[in-house]
Amino acid sequence: MSKEMTYEQAMTRLEEIVAQLEGGKCSLDESMKLFEEGAKTADFCRKALAEAEQKIQKLQTKTAEDSAEE
């Protein structure tokens with residue numbers, strides 16, 4: 001999984017992987033490779049969302065602190 005991939009690109013790739021797996025035309029080997037890639041891509045997305053959530057929480061805390069000082 002490339003660090004340069006955006007969340008949106010990763011989600012698009014994940015959708016492609018799911019479509020291929022659901023299509024049922026992949027060999028067992030190919031299905032296993034796609035599953036592994038999908039798991040890594042999903043993990044990348046989870047981490048990106050967790051980082052975004054942390055940033056939002058920090059901003060909310062800062063905003064609340066700034067409001068309390070006024």
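Author: The sulfur of C26 lies 20 Å from the closest cysteine sulfur, which belongs to C45, and that is too far for a bond. This is a predicted model, and the distance is computed from it. A disulfide would be a covalent bond between the sulfur atoms of two cysteines. Here the cut-off is 2.5 Å between the sulfur atoms. Searching the whole structure gives zero disulfides. C45 is in none, with the sulfur of C26 as its nearest cysteine sulfur.

C45 counts as buried because its relative accessibility is 4%, and buried means under 20%. Which helix holds C45, and what does that helix meet? C45 is in α2, among the residues that meet α1.

Now the helix pair. Helix α1 covers residues 7-23. Helix α2 covers residues 28-69. The two pack at an angle of about 150°, and their axes are 9 Å apart. Angles over 145 degrees count as roughly antiparallel, so α1 is roughly antiparallel to α2. The crossing of α1 past α2 is left-handed.

The contact draws on both helices. From α1 come Y7, A10, M11, R13, L14, I17, Q20 and L21. From α2 come E30, S31, L34, F35, E37, G38, T41, A42, F44, C45, A48 and L49. Sorted by class, the contact has 13 nonpolar, four polar and three charged residues.

Q20 is partly exposed, at a relative accessible area of 33%. Leaving out residues up to four places away in sequence, Q20 touches R13, C26, E30 and L34. Q20 and S31 are eleven residues apart in sequence, with 8.4 Å between their C-alpha atoms.

T12 is another residue of helix α1. T12 is partly exposed, with a relative accessible area of 39%. The C-alpha atoms of T12 and D43 are 14 Å apart, across 31 residues of chain.

Methods:
Residues are numbered from 1 along each chain as its sequence is written. This is a predicted model: local features need pLDDT of at least 70, side-chain atom pairs count only at pLDDT 80 or more; totals for chains, interfaces and linings use all residues. Side-chain values use heavy atoms; hydrogens and water are left out. Axes are lines fitted to C-alpha atoms, for helices over the stretch in contact, and angles run from 0 to 180 degrees between N-to-C directions. Helices (H or I, at least four residues) and strands (E, at least two) are DSSP runs, numbered from the N terminus. Angles under 35 degrees count as roughly parallel, over 145 as roughly antiparallel, 65 to 115 as roughly perpendicular and the rest as oblique. A crossing is left-handed if the near helix is turned anticlockwise from the far one by less than a right angle, and right-handed if clockwise. Contact means heavy atoms within 4.5 Å. Ala, Val, Leu, Ile, Met, Phe, Trp, Tyr, Cys and Pro count as nonpolar, Asp, Glu, Lys and Arg as charged, and the others, Gly among them, as polar. Buried means under 20% relative accessible area, exposed over 50%, partly exposed in between (1.4 Å probe, protein chains only).
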